[in-house]
Amino acid sequence: MLSIEDVQVFYGNIRALEGVSLHVKQGEIVTLIGANGAGKSTLLKTVSGLLKPKKGRVLLEGKEIGGKAAQLIVKKGISHVPEGRRVFANMTVEENLQLGAYLRKDKEGLKQDYEKVYSLFPRLLERLKQQAGTLSGGEQQMLAMGRALMAKPRLLLLDEPSMGLAPLLVKTIFRIIEEINQAGTTILLVEQNAHLALSIAQRAYVMETGRIVLSGTSDELTSSDQVKMAYLGGH
Amino acid sequence: MEYVQQLVNGISVGSIYALIALGYTMVYGIVKLINFAHGDVFMVGSFVGFYSITVLHLPFVAALLVSMVVCAIFGMLIERIAYKPLRNATRIAALITAIGVSLLIEYGFIYVRGAQLEAYPRDVLPDFKINLFGAEIESQAILILGVSIALMILLQFIVHKTKMGKSMRAVSYDAEAAQLMGINVNRTISYTFAIGSALAGAAGVIFGVYYTKIEPLMGIIPGLKAFVAAVLGGIGILPGAMVGGLLLGVIESFVSAIGFSLWRDGAAFIVLILILVFMPSGLFGKNRREKV
């Protein structure tokens, strides 16, 4: 579904991605793990169009999307839940969800999708008229995910959904990610909590300083010594 | 009863400042730029209104609409030509450009048309005195206030209830996140300039009807005062610009009412200094809290 071929991205003169290749198949959950500053978020931003690749290609179902404007990529079916959630804190929960559906015109489908989001995140329904800035961190994460789902994405990019959340809440969020996947949305998940990410993903890539250093099925990586040492607490 | 009269005068002038201040604050909210050419859009609006009334013989409301449409297009052009290429430049570069655009409009206008004064005809709006609690109030002051308030309500509606308004608020809060929703940021910025400039155009016509005399440099002082009003209310905050404008108008009227009419213009800038020293984020401004 998504394939990234030898992509290089620069911040000014600094090369943040040094030729990254990766692919995600329809229906999969693929996770990208690695330390802070490895380039995981940069890669997601390149896919969603916030950053332009200097070299290499980003293909969605065989069509080049690398370097296209972010708003056009949303239209093609990729939604990005950015790191730090980035909800519109000055607007209500409802308005945030409406903005998620900004490009959609199908009234009937929209209605169903609101229902879907409310059933995945009943909390959001309770807080519909509340300003997003007054929500707790976990609720903001739910809102960011619900907002992204309102665009009816075929591919969902999730950047650090567990960041700063209590362990119990993290479990809930990850269960919901699996549910979203089972309902037919392909997922590319960036996560620092490697253990958790590997537990729900079918395949994984490990990034270090701007390049992919390892890849394989989640089982392979979970039992790999290199991953155990560096990301799973080395036992 | 002189004070009631002064209050009404103040509110009328203030509503003109408020209309201009809204444009400043909207543009600042979305691109973090003080558009110093905004006062000149107000001037252009005033002239468009003048010619609509005297040459095209349009009634007040039609002239107001023509001026708003022309200014909306003018504002979008200014943004497209002068500011868009500087989207990723430093803020000071954009600010200096804004001053340059302002001078270009003022003196370009004088070059094309000349610097002579014009006077709005006196009969654009009915002019009589209304007796309110013993105070003599001009009907024009009331009408002007009514038009301004109607425009402010319309703006609130656009910003809060329409898709365009929601995209404007989203871009002003977080442009990158707005893009991820599929919002075209450049187009949204264009709309913001259009709406802000239309309000300045309306203010120009209202100013012309009320004060009659207009000239190519007329935008400078009301522009600066509206900027003060926007800062007073908290730059980037719409209700702040409205309250700031009205408050500034009232302060000015009272300064002249108590006998310091020569200090009238100075009052605005004293207010600016006081605000910057004691309340830099303005009356309605507060520090944004972020949750992680």
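Between the chains, 16 residues of chain B are in contact with 23 residues of chain A, where contact means that the C-beta atoms, placed from the backbone, lie within 7 Å. This is a predicted model: local features need pLDDT of at least 70, side-chain atom pairs count only at pLDDT 80 or more, and totals for chains, interfaces and linings use all residues. Residues are numbered from 1 along each chain as its sequence is written, and chains are lettered from A and ligands numbered from 1 in the order in which they are written.

On the chain B side, helix H6 (163–173) and helix H7 (175–180) each supply at least two residues. Helices (H or I, at least four residues) and strands (E, at least two) are DSSP runs, numbered from the N terminus. H6(B) gives the most, with five residues.

Now the sheet. In chain A, six strands form an open, mixed sheet in the order E6-E7-E8-E3-E9-E10; strands pair if DSSP finds at least two bridges between them. Strand E6 (78–81) and strand E10 (211–217) of chain A are at the edges with a single partner strand each, so one side of each has no neighbour in the sheet.

Within it, E3 (29–34) and E9 (203–208) of chain A pair in the parallel sense over five bridges. Gly34(A) stands opposite Met207(A) in E9(A).

Last, a helix: H1 (residues 40–48) of chain A packs on the sheet, touching E3, E6, E7, E8 and E9 of chain A. The direction of H1(A) makes about 150° with that of E7(A), with axes fitted to C-alpha atoms, for helices over the stretch in contact, and angles running from 0 to 180 degrees between N-to-C directions.

How values were computed:
Two residues are in contact if their C-beta atoms, placed from the backbone, lie within 7 Å.
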